[in-house]
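These are my notebook entries on one protein chain. I set down what I looked up, one topic at a time.

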Amino acid sequence: MNAQAIVSEKLAAKFSTEKETPYTRFIAAEGLEIINGNYVPSLHEVELKPWARRGGSAVFLNHDASRTSNDCYVLEIPAGGKLNPHRQLFEETVLILSGRGSTVVWDDKGNQVSFEWGPGAIFGIPLNANHQHFNGSGTEPARYVAVTNMPPVMNIYEAPEFIFDTEYDFEGRFNGEPDYFADQGEQNGLMMETNFVADAVNLPLIAAKERGAGGGHIRFQLAKCSMNSHISQFPVGTYKKCHRHGPGAHVIILSGEGYSLMWPEGEEPMRYEWKPGSMIVPPNMWYHQHFNTGTTPARYLAFKYEGVAIRNAQGVPKAWISQRIGGDQIDYADESELVRTMFADALTRNGLEPKMDEAYRAEVADLPPKK
């Protein structure tokens, strides 16, 4: 199987007029690059270009389905600087990579709230709300990464002046609430109702044994948007269960060191090393699995736009359900022996040993019968 599905030039020529989209044409007109975002070794080091519309420097990083689902960009605010006031008819979730500063959000009625942020803060921009970001340092730039669902919006309307200049308050999303960006919020199962988390790196998590390895998990619906996000963590000497899902899950490493395996069905896994600031974006329905080979717990943040829900009739993501009963998660008992030997070898090089025996045993109680 050819994962890239490259065809002849003759066939490609028949679709040449369909290669670009209103979204890709817009990014080019802004003078910015679109680079592959399936694997980015360091979001801190990726090169940026001036973005006049926003008043900073940026680059777009897109996965293989970004023409129709969601996108990602990195933006830097210069030292002592600020971005231009901005609004948009699409949703956005933000992770601060470095620097400290503040953001002001206001509606057309004049309601205004502000909040401060630092490295590891995550928040959502309310739909079509006016907002402006400020760098709090006069000597160091501030950098953030954001995931949006601009591609489908731009592809539908193909009118930047409408998308960025329309005056309308979505009061159900933001109505000037003074505590809108209060840190954290109420917990309902795995879901935390919040629009702002000051420190995603150290946020307490909830046990989620369904993902294996004794890990922790928490989910968000920032700024009441249709995009979802979650944080997962797994202990030293352990790894997560393999699974697959739809496109656009931007997995950003918050802490720890390790690697991920990604592969399309029927092919051999490809390995990607990571550290804090790395990003992994599994292509549509590719299997992927994350391994902690460092000396501290590994934690990542995933921003995703679930445009097409891959869930069962109970609303449970199929990526959480065993393949033995029709889901998209591979149980430890069914994984390739290569997975375990590769992991053991990586730990040995770091002077560590696997700590997976308990996870293997814990799975047995809930393991569905094998067909």
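**Entry 1: aromatic rings**

I find one aromatic cluster formed by Phe115, Phe123, Phe174, Tyr180, Phe181 and Phe196. Rings of Phe, Tyr and Trp (its six-membered ring) pair if their centres lie within 6.5 Å; planes under 30 degrees apart count as stacked, over 60 as edge-to-face and the rest as tilted.

I note that the model is predicted, so local features need pLDDT of at least 70 and side-chain atom pairs count only at pLDDT 80 or more, while totals for chains, interfaces and linings use all residues. Residues are numbered from 1 along each chain as its sequence is written, and side-chain values use heavy atoms, with hydrogens and water left out.

I count 22 aromatic pairs in the structure. I looked up Phe60 and Tyr73: their ring centres are 5.4 Å apart and their planes stand at 35 degrees, so this pair is tilted. Phe60 belongs to strand β4 and Tyr73 to strand β5, so the pair ties together parts that are 13 residues apart in sequence. Helices (H or I, at least four residues) and strands (E, at least two) are DSSP runs, numbered from the N terminus. Both Phe60 and Tyr73 are buried, where buried means under 20% relative accessible area, exposed over 50% and partly exposed in between (1.4 Å probe, protein chains only).

I then took Phe115 and Phe181, an aromatic pair that is stacked, with 4.2 Å centre to centre and 25 degrees between the planes. The pair links distant parts of the chain, as Phe115 is in strand β8 (residues 112-117) and Phe181 in the loop between α4 and β12 (186-188), 66 residues apart. Phe115 counts as buried at 7% relative accessibility, and Phe181 does so at 8%.

**Entry 2: Asn195**

I located Asn195 in the loop between β13 (191-193) and β14 (196-197). Is Asn195 buried or exposed? Asn195 is buried, with a relative accessible area of 11%. Its side chain has a polar atom 3.0 Å from the backbone oxygen of Tyr180 and reaches the backbone nitrogen of Ala223 at 2.8 Å. Beyond its neighbours within four places in sequence, Asn195 is in contact (heavy atoms within 4.5 Å) with residues including Phe123, Tyr180 and Phe181.

**Entry 3: Arg143**

I placed Arg143 in strand β11, where Arg143 is buried at a relative accessible area of 8%. Which side chain does Arg143 join in a polar contact of 3.0 Å? The partner is Glu76. I take a polar contact as a pair of N or O atoms within 3.5 Å; within protein, one must be able to donate a hydrogen and the other to accept it, and residues adjacent in sequence count only if both atoms are side-chain atoms. Arg143 and Glu76 are 67 residues apart in sequence, yet 4.3 Å apart in space, C-alpha to C-alpha. The side chain of Arg143 also reaches the backbone oxygen of Val46, at 3.2 Å.

**Entry 4: helix α3**

I list Met150, Pro151, Pro152, Val153 and Met154 as the buried residues of helix α3 (residues 150-157). They pack against α2 (22-29), β4 (56-62), β5 (71-77), β11 (142-148), α4 (160-165) and β24 (298-305). Glu158 follows α3 and has a positive phi, near 45 degrees.
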